[in-house]
Amino acid sequence: MSAPERPLWETLEHSVQGVNKQINQDWYVAEGSGSQGDPLILSVADGHGSAAHARSHIGARCAVDLFAVEARRFAELARSEGPDGATHSLSWLMNYARNELPRQLVAAWQEQVLAHWDRYPETVNPAAEPPHKGQKLLLYGATLVGAVLTPQMFAAWQLGDGELTVIDADGAIALPLAPVEADLGDETESLCSRQAWKMVRVHWAPVVARDRTPRLVALSTDGLSKSFASDEGFAQFMTGLDQRLAKDGGPDDVRDALPGWLAEAARYSGDDTTLVAARRPGPDAADHGAAADRPRSDA
Amino acid sequence: MSDIPGGPMANRPVHFIWLLDCSYSMQGEKIGQLNYAIREAVPEMRSVAHDNPAAQLLLRTLTFSTEARWHHKDPVPVDDFTWQDVQVDGMTNLGEALEVVSREFQTPPMPQRALKPVLALVSDGVPTDDWKSGLRALDATPWGKKAVRVAIAIGADADRSVLQEFLGNPELQPLDANSPKQLAAAIRWASTAAVKAASQPVAAPTDATVKQPPYAPPQLDDDDDDVW
């Protein structure tokens, strides 16, 4: 009997509702093993939540679900052949990541939330003029952070606030999708913004050597970062998370503690607070990539 | 919870500034009613703040007459705020007051990490200085552009077009307070609704066709015999 295979990535995820919020307007996903055939897909979305965005919890869910579809398609393109029989080049994939995927994602999101509106139109005042497209989209406004990881590729996208935090193989922390200038107050770019696809920020990082793959990738909604008194405090949280996960039994301990941590953060930020993270279990994890690529069996 | 990794946590401040016209035209009942209305509104401001524990409500007051003067210069947490009556004195130098606020809205002294500030302007007259220059200075600051602005016009002589321009949003209107009762209601609304609006997340307005009024001014009863 052989020892159980170590996973390529340990994932953890949780979300808590903001103080005095009626519903949690965040949504998230963490799926896949990170192998070639089963990419690791991480995403969080944050519905704006105020009265002007009354359906933003639905907008957030649509955003995450559609990102997962687009990310799977992208990972499939990365391993499949182009029309000339050769695999797609890195430059082709980079162009796709920077241009095609944001366009398709935003278009699909708009289509889906407008279809939702058509199924459930508001009938508070039947005599009132029906809202135009922009007003409908506004109701569903949400931000999105998403990432996809395979043994060859790490790419991530962000629209609006929230954080993508990456800790590299040497332990250095980076927020590669942080805007040059942070929005003041609680205003943010959004999926409901005009030409939203142009606002999508993209992180493109082909994996040149497996042992240089990031050891922690974390996506969080702004309810987490805004709970800290400073940006440094948030960075310390992420390095501390990385260190706790590295300990024996760390992932289970962190999973147990995470709901309490996020609840405490939400008490300060007042916002729904969501964290999705993936950590490579150890330095030899990459050796198991080939094994993880074998077809899985439910037997 | 002490085992959370990371630095200290803290809620974010909402800086609320009263901008009060204390020119001679406010003399008598108007200034008396204004003092009364703000004093009475403080408990409601505390209540709103307690309902939104993630925001730390900090209050200041700037009066303007022949000169702009801080009545409360340092931001005071709402729980510690006590109203001290303002007095009338001279002209209506709104422009200078807006200049003073624009200096406060630089970063620093304003922190980068804050909720939108609130500017509540109350006036009964016509500015006597270059108010447009002051407004331009305010609009040129990052926090000035983001600020939630409310304006209350006291009586028939108030220059509504100035207040409208201060609001900077054609969707919003100055609130008319033509009687003590209306002034009390307007102050109560400005104290609470604007604070709520400042602490709500919204999509940044990139689409000119989609207006997002941050708050809806109330309909004020007009059944008061005592009209200004």
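Two residues are in contact here if their C-beta atoms, placed from the backbone, lie within 7 Å. With that criterion in hand, the tour of this predicted model can begin at the boundary between its chains.

**Stop 1: the interface.** Display chains A and B together. On the A side, 43 residues are in contact with 31 residues of chain B. Select α3 (133-139), β8 (187-188), α5 and α6 of chain A: each contributes at least two residues to the side that touches chain B. Which element supplies the largest share of that side? It is α5(A), with 8 residues. Coloured by class, the side of chain A that touches chain B shows 14 nonpolar, 20 polar and 9 charged residues.

**Stop 2: the sheet of chain A.** Next, select the strands β1, β11, β10, β6 and β7 of chain A, which in that order form an open sheet of 5 strands with antiparallel pairing. The edges are β1 (10-16) and β7 (173-174) of chain A, each of which pairs on one side only.

**Stop 3: the nonpolar core.** The largest nonpolar core has 145 residues; select A:A63, B:L19, B:L57, B:V118 and B:A120, the members that touch the most others. Helix α1 (residues 56-79) of chain A gives the most to this core, 11 residues. In soluble globular proteins, nonpolar side chains tend to be buried together. Centre the view on B:L57: leaving aside residues up to four places away in sequence, it touches B:V14, B:F16, B:M45, B:A49, B:V78 and B:V195.

**Stop 4: confidence.** Finally, colour by pLDDT. Chain B averages 88, and 87% of the residues score at least 70. Where does pLDDT stay under 50 in chain B? Select residues 207-213 of chain B, for which the model has 13 contacts beyond four places in sequence. Where pLDDT is low, the predicted coordinates should not be read in detail. For the model as a whole, the scores are ipTM 0.84 and pTM 0.85.

Technical notes: Residues are numbered from 1 along each chain as its sequence is written. Chains are lettered from A and ligands numbered from 1 in the order in which they are written. This is a predicted model: local features need pLDDT of at least 70, side-chain atom pairs count only at pLDDT 80 or more; totals for chains, interfaces and linings use all residues. Two strands pair if DSSP finds at least two bridges between them. Helices (H or I, at least four residues) and strands (E, at least two) are DSSP runs, numbered from the N terminus. Ala, Val, Leu, Ile, Met, Phe, Trp, Tyr, Cys and Pro count as nonpolar, Asp, Glu, Lys and Arg as charged, and the others, Gly among them, as polar. A nonpolar core is a set of buried Ala, Val, Leu, Ile, Met, Phe, Trp, Tyr and Cys residues joined through C-beta atoms within 7 Å. A residue is buried if 20 or more other C-beta atoms lie within 10 Å of its own, exposed if 12 or fewer, and partly exposed in between; C-beta atoms are placed from the backbone. pLDDT is the predictor's confidence in each residue, from 0 to 100.
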